[in-house]
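Thanks for making time this morning.

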Amino acid sequence: MLILYAGTIVLSAFLLFQVQPIIGKMVLPWFGGSAAAWTICMLFFQVTLLLGYLYSHLSSRYLAPRRQAWLHAGLLLIAALTLPIIPSTSWKPSVGDDPAFLLLGLLAATIGLPYFLLSTTGPLVQHWFAQERPGSVPYRLFALSNFASLLGLLSYPLLFEPRFTVKEMSTFWSVGFALFALFCGALALSGRGRSTAPHTLREDAMAGRPTLHDSLMWCALAAVPTVVLMAATSHLTANIAPVPMLWVLPLVIYLLTFILCFESARWYKRWIFLPLMAVLTPLLIACTSFPSLMPRGIVWPTLLFSVCIFTYCMACHGELARLKPPPAQLTAYYLMIATGGAIGGIFTGLLAPRVFNDDYELTLSCIAAVCVVGAAFHHRPSAPLQRGGRVKAAVFFTTLVGVLWGANAIWPTTPSIKARNFYGTVKIKDSEPGAGQVRQLTHGTIMHGRQFLEPQKRRWPTTYYGSNSGAGIAIAASRSGSSQHVGVIGLGAGTMAAYCRPGDVYRFYEINPLVLDFADRHFSFLRDCPATKEVALGDARLVLDTEAPQQFDVLAVDAFSGDSVPVHLLTTEAFNIYFRHLKPDGVLAIHISNRYLDMAPVVRRAADSFHRTAFLSQNMSDPQRGTNASTWVLIGQRDRLVPYAGVQELQPAPDVRPWTDDYSSLLGIMK
């Protein structure tokens, strides 16, 4: 029986966390490849976990063992009949849909019941174990559960993602869930005759109910690290790539802190982690406010955020483990932990994008972590408490830093216009008045548009779209008649409209209504354009897939927020759509400038799949013209592109597997 208990918990925890990146990767292309899609997925997981823990708590308290067993076995059977986990295409978003609530509905319909039952397993099986073995302490099973969750997460980017398609992984997971349903059903039915008396009743009477103060501390110590996890993950994926590898790493660290804290008290040392949090908070504020402070490459930002997640979560979970109650209060304890996680998820996924006009939740959660850990010190202090002065000093210092940061956020030294929605934060800032004054658009941490405010310069193509850039070369190389038909995926400030002439047709595809509003109101590229202008709102790939062939002379793809890569725009299925809309002699221009990833091999393999030739175009920055160094890949006819300076054929990439909607991996393209 002990093996059956352990095996059921291990399998359920493994499946519970492995399904998260699987389903996230399935639905990501439908929601613009946005980093926020993963945040909403995590919100769903947290809320469903809360419902599972609530079910475990109520069924354990109010149902007799026989009724509880038959109810759980019946639900397991129904969940098994919903397999496999394949999202219905009817959930694809349309213009005007709220992507957050639509995604929550999709997840509920696709994996709701199986995920709910997996989430009940930890507290429910531990409760059964405690009933069968009076006086035993089941918290080691909690550590075992988290260890299995860790294996489920790590196996995805290291073992499954590089080798299998999403559909194959979905099939493997569905088979695993069917096996889990058999194990858990057998365990439930084998305990139909469990008795809750007399030892359980005596234990309940001795333990009593948790105090309100205890319950609030459990909830707060679970909510704050959840916000840290989700906000840090959002920042990483919004500025590198919204891909499972960067979803998994922060979650692995989060789970590791649970394992260490609940395995033994020796891993968490109060005197180390509280001062460390007080030091990391201003460092994190500086690096997120001024990204240029970080060295180039993917390693350093990932390392900083990993250390921060570990430190803040270790401190909160360490205090949570110190406050764990007797086994009789186990389901109530886990219920409050799940409640805290759900509160953190709702705050980060739903409230913050609607309440804040910038990404404030990461800094706020770090400051809150120091304060709540300091409160836990005084709620149940060490005996004797010899470091009270250090606790107060750390909390005071961190709060002071937070006040200074908040004052600068509310009253910045350089005024800016900014707003935020599901797709991220968009900011506009003007340089100092005078000759060469410019207006700049920033999406995430990366500048996505710049316009000179002087009348004689305001139609200059700037940033990554100068005349010697890949975009400028594509426009020049495809001008063969009196008019030109140009498609642009990613509006930005509308800079590509600087190339338009009377008689041309420019069609822009933009997923973010906020970007369109800012481009219309604060920049004049679109207003000054003498050509016919069209703007299609929605995910470019979904919109193009429904349109008749546009016969573009040029199709420019630059829909990256920050340095984040919408993977679904670089798959062979996406390129098939692009080439359907291009003229036979048209040019496909892909913007691949990136601080963290080398996407040239991915684009080369996609071009190879369609027997096309890909050329690399790189240019240097020119401050006088307002242009930045950029890297583009141009796919078109050799005789049109090679004559231009800086254009050379892209090298083969035999070691990189072509990306598809079912397969993609960052391994091998990281800088």
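**Backbone details, helix packing and the sheet**

Let me start with Pro84, which sits in the loop that runs between helix H3 (65–81) and helix H4 (99–132). Please keep in mind throughout that this is a predicted model. The peptide bond joining Leu83 and Pro84 is cis, with an omega of about 0°. As background, most peptide bonds are trans, and most residues other than glycine have a negative phi.

Gln551, although it is not a glycine, has a positive phi of about 60°, and its place is in the loop between helix H18 (540–546) and strand E8 (552–557). His611 is not a glycine either, and has a positive phi of about 55°; this residue lies in the loop between helix H20 (600–609) and strand E10 (614–619). How exposed is His611? With a relative accessible area of 75%, His611 is exposed, whereas Gln551, at 37%, is partly exposed.

Leaving aside residues up to four places away in sequence, Ser215 touches Pro210 and Met336.

Now to helix packing. Helix H2 (residues 35–62) and helix H12 (residues 330–355) pack with their axes 8 Å apart, at an angle of about 155°, which means that H2 is roughly antiparallel to H12, given that angles over 145 degrees are put in that class. What kinds of residues make up the contact of H2 with H12? They divide into 14 nonpolar and eleven polar, with no charged residues. The crossing of H2 and H12 is left-handed.

Finally, the sheet. Eight strands form an open sheet with mixed pairing, and their order is E7-E6-E5-E8-E9-E11-E10-E12. At the edges we find strand E7 (532–537) and strand E12 (647–649), each of which pairs on one side only. From one strand to the next, the twist averages 20°. E10 and E12 pair in the antiparallel sense over three bridges, and Leu616 has Gln648, in E12, as its bridge partner. Packed on this sheet is helix H19 (residues 572–581), which touches strand E5 (485–489), E8, strand E9 (582–591) and strand E11 (630–635), and the direction of H19 makes about 135° with that of E9.

Technical notes:
Residues numbered from 1 in each chain as written. Predicted model: local features only at pLDDT ≥ 70, side-chain atom pairs only at ≥ 80, totals over all residues. Heavy atoms only, no water. Contact = heavy atoms within 4.5 Å. Helix = DSSP H or I, 4+ residues; strand = E, 2+ residues; numbered from the N terminus. Buried < 20%, exposed > 50% of the residue type's maximum accessible area, 1.4 Å probe, protein only. Axes fitted to C-alpha atoms, helices over the stretch in contact; angles between N-to-C directions. Parallel < 35°, antiparallel > 145°, perpendicular 65-115°, else oblique. Left-handed = near helix turned anticlockwise from the far one by under 90°. Nonpolar A, V, L, I, M, F, W, Y, C, P; charged D, E, K, R; others polar. Pairing = 2+ DSSP bridges.
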